[in-house]
Amino acid sequence: MRFQAPRGTEDVLPADSYKWHKIEDTFREVSRLFGYCEIRTPTFEDTDLFARTAGETSDIVTKQMYTFTDKGDRSITLKPEGTAPAMRALLQHNLCPPGTIVRMSYVTPFFRYERPQKGRLREPHQAGLELVGSASPAADAEIIEITMRFYRELGITETVAMLNSLGRSACRHAFREAILERTKAYLAGQSTEIQEKVRKNPLRLLDSKDPDAQEAVKSVPPVTDFLEDESRQRFDRIQELLTEANVPYRLAPEIVRGLDYYTETVFEVQSTRLGAQSALCGGGRYDDLIAELGGPSTPSVGVGMGIERAIIVMDDLGLFGAPPGPDAFVVQAAQSARAACQGLARTLRDAGLSVLVDIEERSMKSQLRQADKSAARFALILGDEECAKGTVQIKKLGTSEQIESPVGEVLDKLKAMR
RNA sequence: GCGGGUAUAGCUCAGGGGUUAGAGCGCCUGACUGUGGCUCAGGAGGCCGCGGGUUCGAGACCCGCUACCCGCCCCA
């Protein structure tokens, strides 16, 4: 094999694209139900955009960005996430002056220099939602409700939203101190690398998979103990709203985010079907992001949902079913019927049916085999006899049912036999 | 970035130093010259991941590379 797709990238083959369509169609429909409009932003941005927003110590910025210098000597980065570019566009076009609320959706690839694994790619795809301009807990609840509705529509019903609050800077500081204090003994026995990581961002310890770390973290009081009154009230209110909306959730004090711009609410939906990767989606509130980009303080909340990860889970659950086939396959039973077959196919296509025709002049047997293989619903057989009579044989594939119909009535007959 | 595993037909996999490399599934053709699926028969299809090495001889053994899988890490 001469060439192969770059490491960590995937081809979506014709036989599988219907899975993507199902997920994207479902996402667009759910977005529409809640009034979200799509935004499309460039594949690459000014490097600074991500350096500023993702967090200097985050893995994304420190080692995962695809950054290069273009011919105009600009530092360019392929987008490693979807939110910052969307907020940049919003600000650039002044779509959200103070007082307005914007609901946006997007479907985008993003790029991170990762070590590939199951559910972890260098070019993954994400469907995302952003609700910009509202500090109301109802905004948080809406985003989570849409997210869970999306998964429900796809048939992924075994999961719940895992909810946490990180509070704002003041209480987060106190919380960090508490983590460091309670895990001192554990940290003393760890490598300098881990100590450094935890010193920079103590929250990381909370979702560690190391059993010793998990044990040490047990003595740390839940974040909610540190929340200021306002944050605490918001957190409680979100839970009330989710309960009212019948959205399945549970509190998960271990949930933190990899991007530094999150404030207060954070949530994830997880699945055990993803191997070492656990998150199907991740989201939360980012009240300081737009201000960080030089805009007015604009409270916002959003979510990013991994498309490949949804496919993994849905495949595992057998939620896709058989790929769709064409409505009909026109079988040319004699060469002299070629034009008539093409004409019939054209008429049916004009009526919106998906129609396949043999182009290799193969035997009738072979054409019927193709028809069967293509999963077409009907085979329409046209030969000398039919041409002479102005009829078509309509064969319902899957059963042995076959009728002869005048050409003009084929459409009606197909509907009746469906 | 670290550790472990794997790489043979389109797919799933057997073959573990000795001629022309195998199976199942899939694909193509045919089984009283106008009827698919099931069955039967035939056929096409392999730089045995890539590059080096050991050997009289390598798909098998050794080294390097690449990719994938599983952990760590990280997250969608």
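Trainee: At about what angle to S11 does helix H5 (residues 137-154) run?

Mentor: In this predicted model, helix H5 lies across strand S5 (102-109), strand S6 (125-132), strand S7 (161-165), S9, S10 and S11, where contact means heavy atoms within 4.5 Å. Helices (H or I, at least four residues) and strands (E, at least two) are DSSP runs, numbered from the N terminus. Axes are lines fitted to C-alpha atoms, for helices over the stretch in contact, and angles run from 0 to 180 degrees between N-to-C directions. Relative to S11, helix H5 runs at about 15 degrees.

Trainee: Which atoms do the side-chain values use?

Mentor: Residues are numbered from 1 along each chain as its sequence is written, while chains are lettered from A and ligands numbered from 1 in the order in which they are written. As the model is predicted, local features need pLDDT of at least 70, side-chain atom pairs count only at pLDDT 80 or more, and totals for chains, interfaces and linings use all residues; hydrogens and water are left out, and side-chain values use heavy atoms.

Trainee: Which strands stand at the edges of the eight-stranded sheet?

Mentor: This open sheet, with mixed pairing, has the order S1-S5-S6-S11-S10-S9-S7-S8; two strands pair if DSSP finds at least two bridges between them. The edge strands each have a single partner, so one side of each is left without a neighbour in the sheet. They are strand S1 (37-38) and strand S8 (249-251).

Trainee: What is the bridge partner of Phe-378 in S15?

Mentor: Strand S14 (residues 378-382) is antiparallel to S15, and four bridges join them. For Phe-378, the bridge partner in S15 is Lys-396.

Trainee: Which element gives the largest share of the surface near RNA strand B?

Mentor: A residue is near the strand if one of its heavy atoms lies within 4 Å of it; of the 53 such residues, Arg-120, Arg-204, Gly-258, Cys-281 and Arg-309 come nearest. An N or O atom in the side chain of Lys-373 is 2.8 Å from a phosphate oxygen of RNA strand B. Elements giving two or more residues to this surface include strand S10 (279-285), strand S11 (300-306) and helix H14 (364-373). The largest share, seven residues, comes from H14.

Trainee: What distance separates the centres of domain 1 and domain 2?

Mentor: Chain A is assigned domain 1 (17-168 + 228-317) and domain 2 (328-417), with bounds from an automatic or database domain assignment. Taken over C-alpha atoms, the separation of their centres is 48 Å.

How values were computed:
A polar contact is a pair of N or O atoms within 3.5 Å; within protein, one must be able to donate a hydrogen and the other to accept it, and residues adjacent in sequence count only if both atoms are side-chain atoms.
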